[in-house]
Amino acid sequence: MTDNNVTNEKLFENVDIDTEFGEQIESRVARFASRKYDWDALKFQADYNPVYRRAQVRYLGTGAAGVGSDMNVVPAENFTFSTMCLPAGCEGPMHVHHDVEEVFFCYKGTIKLFLEDGDKRYTTVLNERDLVSVPAGIYRGLNNIGQEEALMFVMLGSGKPQIPTYPDYHPLSKIKRNV
């Protein structure tokens with residue numbers, strides 16, 4: 001007969017905890033309390049037009065925003081993870097990642113997503129807890145169409161993704177950027 005009362009807590013009762021293993025694991029933990037909203041990661045966009053003002057909060061790797069290094073993140077091996085805070089009415093401009101899939105998870109708010117592949121265009125709305133996976137090579141842009149700030153999770157399928165580019169018709173494609 002199986003003991004149905006076995007829990008993780010019971011399995012760890014009276015067991016020696018390995019501090020070296022614990023230190024290894026803790027080096028891979030990124031706690032919200034030690035994160036900072038980085039309003040400067042994409043400041044060159046907001047300087048061009050305030051509608052692009054948004055903040056990145058990095059957890060795993062530096063993503064593709066062009067931030068060279070961040071000693072406060074867990075080093076990325078196979079993908080990156082950050083959150084993006086978009087004030088009401090703000091947007092992320094149309095851009096493409098030629099090298100990597102990008103996943104958006106709308107945690108809070110309402111986000112309208114714009115997708116373009118050659119002459120094909122499509123829009124969709126992400127509500128709270130909706131997710132979209134955008135393949136490499138497809139342009140994507142998004143707007144916070146809600147009345148309050150939106151919060152989304154952003155994952156890129158590479159430990160060090162390339163910096164995105166903008167469509168030729170977009171004004172940000174003409175801006176020189178220091179990275």
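Let me begin with a charge and a ring: the charged end of Arg35 sits over the ring of Tyr59, 5.5 Å from its centre. By that I mean NZ of Lys or CZ of Arg within 6 Å of the ring centre and within 35 degrees of the ring normal. Likewise, the charged end of Arg53 is over the ring of Trp39, 3.9 Å from its centre.

A word on the source. This is a predicted model, where local features need pLDDT of at least 70 and side-chain atom pairs count only at pLDDT 80 or more, while totals for chains, interfaces and linings use all residues. Residues are numbered from 1 along each chain as its sequence is written, and side-chain values use heavy atoms, with hydrogens and water left out.

Back to Tyr59. Tyr59 belongs to one aromatic cluster with Phe81, Phe105, Tyr107 and Phe153. Rings of Phe, Tyr and Trp (its six-membered ring) pair if their centres lie within 6.5 Å; planes under 30 degrees apart count as stacked, over 60 as edge-to-face and the rest as tilted.

How many aromatic pairs does a search of the whole structure find? It finds four. One of them is Phe105 with Phe153, stacked at 5.4 Å centre to centre, with 15° between the planes. Phe105 lies in strand E4 (residues 102–108) and Phe153 in strand E9 (residues 150–156), so this pair ties together parts 48 residues apart in sequence. Strands here are DSSP runs of E, at least two residues, numbered from the N terminus. Tyr107 and Phe153 are also stacked, 5.1 Å centre to centre and 20° between the planes. Tyr107 lies in strand E4 and Phe153 in strand E9, so that pair ties together parts 46 residues apart.

Definitions and conventions:
Helix = DSSP H or I, 4+ residues; strand = E, 2+ residues; numbered from the N terminus.
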